[in-house]
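Q: Hey, could you walk me through this one? I've never looked at it before.
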Amino acid sequence: MASDYEQPQYTCSICKKQVSSENIRYNAELRTVCAECLKKIGTVAPVQKQKKELRQKAADVEEQAIKVICSSCRYKFTLKPHFRPSCPYCGGSRLQRYDSLTAEGILAQVSSGM
Ligand SMILES: [Zn+2]
Ligand SMILES: [Zn+2]
């Protein structure tokens with residue numbers, strides 16, 4: 001079978017190899033990448049990896065737990081940023097930052113809310 005007809009050649013943007021259209025793929029940046037390189041880099045493009053690292057750094061900063069108090073039942077607990085902001089005791093979502101409030105301030109809020 002004469003199946004060796006001329007196929008368009010593409011250049012892989014990573015290894016600069018000439019590959020046929022059958023073996024060319026596009027990464028997330030829509031750059032031509034050969035199938036072998038795509039296997040190496042996986043489905044995540046390098047640019048996205050960098051962004052992920054930046055996000056992880058930001059997450060580290062935010063990782064500091066916030067001390068909160070539930071307005072409904074006055075249950076004190078530490079809220080981690082990636083957790084849903086709701087009271088684990090009563091499920092209430094009215095939370096006050098505890099570390100920025102004085103005991104007097106909390107009492108005043110509770111009495112005014114009644
Ligand atoms: Zn390649
Ligand atoms: Zn509560």
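Q: In what order do the strands of the open sheet of three strands come?
A: The order is β6-β5-β7, with antiparallel pairing. Strands here are DSSP runs of E with at least two residues, helices are runs of H or I with at least four, and both are numbered from the N terminus. Two strands pair if DSSP finds at least two bridges between them.

Q: And which strands stand at the edges?
A: β6 and β7 (95-97) do, and each has a single partner strand, so one side of each has no neighbour in the sheet. On average, neighbouring strands of this sheet are turned by 40° against each other, direction ignored; the axes are lines fitted to C-alpha atoms.

Q: Is this predicted or experimental?
A: It's a predicted model, where local features need pLDDT of at least 70 and side-chain atom pairs count only at pLDDT 80 or more, while totals for chains, interfaces and linings use all residues. Residues are numbered from 1 along each chain as its sequence is written, with chains lettered from A and ligands numbered from 1 in the order in which they are written.

Q: Back to β5 and β6: how many bridges join them?
A: Four, between residues 66-70 and residues 76-79, and the two strands run antiparallel. Ile66 stands opposite Leu79, and Val68 faces Phe77.

Q: What about the hairpin they form, which residue takes a positive phi?
A: Arg74, near 60°; the hairpin has five residues between its strands.

Q: Zooming out, how many helices and strands does the protein have?
A: Three helices and seven strands, running β-β-β-β-α-α-β-β-β-α from the N terminus on.

Notes. Axes fitted to C-alpha atoms, helices over the stretch in contact; angles between N-to-C directions.
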